Amino acid sequence: GLGDVSGKVIPKPVLISLPQHGGTLQVRYFMPHSCHRALAITGSIGLATACVTPETVVMALLGAGAETLTDVRLEHPSGGIDVVLSRGGADGTTIQASVVRTARRLFAGHVYAPVARRLAG
């Protein structure tokens, strides 16, 4: 039912399991042709929201008490990402998700600059 997705990077399947390192959930996020080393921000927000949404596979895996979670730590191959959930609306069913922080090293190296020469005036 997705139509022709050959030029797209969807669908993005996610494997979930119980945490192994003190988090809320352990995840593996797949891009086309490989397992991603981390987790996309959009994916982390969706998974964290699923933790507290009744009748989702994620909430069923977490079991009793999941509906009251406010701090969600999603473990992934490069570490983890933290998402904070808050509830609002008149009946408290509106969920807001915020990414606490995310960072990764983009590059490391050394720069060698020549000694500046004085120009004769």
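**Exercise 1. Overall form**

What radius of gyration does the protein chain have, and what would a compact globule of 121 residues have?

*Solution.* Start with the ground rules: this is a predicted model, in which local features need pLDDT of at least 70 and side-chain atom pairs count only at pLDDT 80 or more, while totals for chains, interfaces and linings use all residues. Residues are numbered from 1 along each chain as its sequence is written, and side-chain values use heavy atoms, with hydrogens and water left out.

Step 1: the protein chain has a radius of gyration of 21 Å, whereas a compact globule of 121 residues would be near 14 Å. The radius is taken over C-alpha atoms, and the globule rule is 2.2 Å times the number of residues to the power 0.38.

Step 2: look at the C-alpha trace, which spans about 75 × 40 × 30 Å along its principal axes.

Step 3: The protein chain exposes about 8900 Å², with 57% supplied by carbon and sulfur atoms; the areas come from the Shrake-Rupley method with a 1.4 Å probe, and for residues only the protein chains shown count as cover. Buried residues make up 21% of the 121 residues (buried is under 20% relative accessible area, exposed over 50%, partly exposed in between, with a 1.4 Å probe and protein chains only).

**Exercise 2. Strand order and pairing**

Step 1: β2 and β4 run parallel and are joined by two bridges; strands count as paired if DSSP finds at least two bridges between them. Here Q26 stands opposite E75 in β4.

Step 2: Opposite H76 you will find G79 in β5.

**Exercise 3. A charged pair**

Which residue forms a salt bridge with D82?

*Solution.* Step 1: the partner is R73, with the closest N and O atoms 3.1 Å apart. A salt bridge needs a side-chain nitrogen of Lys or Arg within 4 Å of a carboxyl oxygen of Asp or Glu. Side chains of opposite charge can pair when their charged atoms come close.

Step 1: compare their accessibility. D82 is buried at 17% relative accessible area, whereas R73 is partly exposed at 31%. The structure holds one salt bridge.

**Exercise 4. The nonpolar core**

Find the largest nonpolar core and describe the surroundings of L39.

*Solution.* Step 1: this core has 15 residues, and L39 and L74 have the most contacts inside it. A nonpolar core is a set of buried Ala, Val, Leu, Ile, Met, Phe, Trp, Tyr and Cys residues joined through side-chain atoms within 4.5 Å.

Step 1: at least two residues each come from β2 (25-31), α1 (41-51), β4 (71-76) and β5 (79-88). The largest share, four residues, is from α1.

Step 2: setting aside neighbours within four places in sequence, L39 is in contact with V27, Y29, S44, L47, L74, H76 and I81. Contact means heavy atoms within 4.5 Å.

**Exercise 5. Two loop residues**

Is E55 buried or exposed, and where does G65 lie?

*Solution.* Step 1: E55 lies in the loop between α1 and α2 and is exposed, at 84% relative accessibility.

Step 1: check its backbone. E55 has a positive phi of about 70° although it is not a glycine. Most residues other than glycine have a negative phi.

Step 2: G65 is in the loop between α2 (57-62) and β4, and is partly exposed at 32% relative accessible area. From G65 to V52 the C-alpha distance is 9.0 Å, for 13 residues apart in sequence.
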